[in-house]
Protein chains: 2
Amino acid sequence: MFRGLSAFPLTPTSEQGIDEAAYAALVARLAAAGGDSIGALGSTGGYAYLTREQRARAAQIAVGAADGVPVIVGIGALRTAHVLELAEDAQKAGVSGVLLAPMTYQLLTEDEVFGLYEDVTRELSVPLCVYDNPGTTHVQFTDELHGRIAQLPNVGSIKIPGVPDDPREAQLRVDALRTLIPDTVTIGVSGDWTAARGLNAGCDAWYSVIGGTFPQTALALTRAAQAGHADQAAELSEGLEPLWALFRRHGSLRVISAAASHLGLTQEPNLPRPLRGLDETARQEVVAALDALGLTS
Amino acid sequence: MFRGLSAFPLTPTSEQGIDEAAYAALVARLAAAGGDSIGALGSTGGYAYLTREQRARAAQIAVGAADGVPVIVGIGALRTAHVLELAEDAQKAGVSGVLLAPMTYQLLTEDEVFGLYEDVTRELSVPLCVYDNPGTTHVQFTDELHGRIAQLPNVGSIKIPGVPDDPREAQLRVDALRTLIPDTVTIGVSGDWTAARGLNAGCDAWYSVIGGTFPQTALALTRAAQAGHADQAAELSEGLEPLWALFRRHGSLRVISAAASHLGLTQEPNLPRPLRGLDETARQEVVAALDALGLTS
């Protein structure tokens, strides 16, 4: 399950709550596109902003709409006890795996991060993907910490936050991590603009933001890399550079929020406050990039 | 209310929940000590790890135990809608003020931070203290942003994260902020090891971690500075350097957690997982520092 393209949809959310119909349609669209899994309630899915009840309901909707495609659900929370509740809810909803970032308010020590994964993996009956995202959690995973956590029961994958720009350095980075983790644990790349380099360097999966809204585009890149067509994967990624530039400038979440509403997949606002959509200028840049790339449906 | 010593107690919390009896006793001890306000459910009070229900209950307990001393309650949450619920609960509990840090998962733009305070202050019937704590929120407030927020209705204070080491630079920093905010908005210093410098530079309040467990010590320093005895305040702070060094090394929360249990004010564990108490070596350093400073009751 933690291989190939994992597509991370928005959870369209306003001050009135989750737009459940739009969410089910987004997930069904991804399932129909032929990806390998759906990453529901990831950072793009706004898990950190939703209540336990909303997250349980979203997990149920995602599993129902996924039509048999494996659903991975984010169970992160600031407190271990709450993570355990979310894991229970997700498993009851029938998810195939869970995704856990070590959210922080107080900065955590390495032993505290390890302890979180130890406390949670012990209670799981589905595999877990370790979500390494320093941009949101401010936890700096060392490879040694990844190695310790990857030995825990039920750990199936590590979602890394992107690979270096230089393809050889990307290869070294993936190889170094690989030597420290069991063969049963896959490595998945995120940071969409580094995905082709990550897959070409041997990452097993792409945990993809763009895949949650433009699944065919992400799938073409993934399948090229999986077939060993590294140059083709790199070219497909280079072609998307106008979008990657906007991701880096505004954050992928806000760009995808604008793109999804431009495509008519969601209403606006689709992000919960205090998050706000892009301003009009940035929004026009997104639309221009989508038009130029032919990403209009 | 946002003047003098505001003492921030722990909320003793284990996997079994909040130790309500210990919490009420901690607050009552602060009220008896003669501080100017009690900062319940601040970072030291672990607000970010508690449910809405636990926070409502803790606010009620704090107001009940404070015996008329003004209680300020932290209402921070990742989502604006949840902040508004927490504000309502706190006001129903009878708090005198609220404290709001812009918690983040996705990094927030300046306009999003401003929008949060705009949305929340509009609904308040008690004054608000803006809680600037980049160490936990990763929001870097500019003075210009402070100036914009301080114009909003119901803003009564700004809790700044410490002042520079050099007393003249500390003075310049406080003076610069003062020129941008209304006269009705006070400035309070935090980062306990900078408190004497902050108060000597004209900060109106000390939002104090040590004051939540050792109120007499914090009060002596505060009253010296308020009386214009800058050298005495600085000396009192210098005398506490062994404790400040431990705060900087381990985080003030973990040190105060160990100190409070050493004094018999709480059981252990008193921090919610994933947070863990200090290891045995660090704990012995805390006990040695407390003994050397005579902070034994």
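This is a predicted model: local features need pLDDT of at least 70, side-chain atom pairs count only at pLDDT 80 or more; totals for chains, interfaces and linings use all residues.
Residues are numbered from 1 along each chain as its sequence is written, and chains are lettered from A in the order in which they are written. Local features need pLDDT of at least 70 and side-chain atom pairs count only at pLDDT 80 or more, while totals for chains, interfaces and linings use all residues; side-chain values use heavy atoms, without hydrogens and water.

The interface comes first. In chain B, 37 residues are in contact with 37 residues of chain A, contact being heavy atoms within 4.5 Å. The two chains bury about 3,400 Å² between them, 50% of it on carbon and sulfur atoms; this is the accessible area (1.4 Å probe) lost on putting the two parts together, summed over both. On the chain B side, Tyr49(B), Arg79(B) and Tyr105(B) lose the most area to chain A, together 26% of what that side buries.

Between chain B and chain A there are 6 salt bridges, each a side-chain nitrogen of Lys or Arg within 4 Å of a carboxyl oxygen of Asp or Glu. Glu112(A) forms a salt bridge with Arg254(B), where the closest N and O atoms are 2.6 Å apart. Among the elements that give two or more residues to the chain B side are helix 3 (80-93), helix 4 (110-121) and helix 12 (252-262) of chain B. Helix 4 of chain B gives the most, with 4 residues. Helices are DSSP runs (H or I, at least four residues) and strands likewise (E, at least two), numbered from the N terminus.

In the largest nonpolar core, which has 218 residues, Ile149(A) and Ile149(B) touch the most other members. Such a core is a set of buried Ala, Val, Leu, Ile, Met, Phe, Trp, Tyr and Cys residues joined through side-chain atoms within 4.5 Å. Leaving aside residues up to four places away in sequence, Ile149(A) touches Val113(A), Phe114(A), Tyr117(A), Val130(A), Phe141(A) and Val155(A).

Most residues other than glycine have a negative phi, and most peptide bonds are trans. Leu41(A), not a glycine, has a positive phi of about 55°. Leu41(A) counts as buried because its relative accessibility is 1%, the limits being under 20% for buried, over 50% for exposed and partly exposed in between (1.4 Å probe, protein chains only). Asn154(A) also has a positive phi, near 75°, and is partly exposed at 31% relative accessibility. A cis peptide bond joins Arg273(A) and Pro274(A), with omega about 20°.
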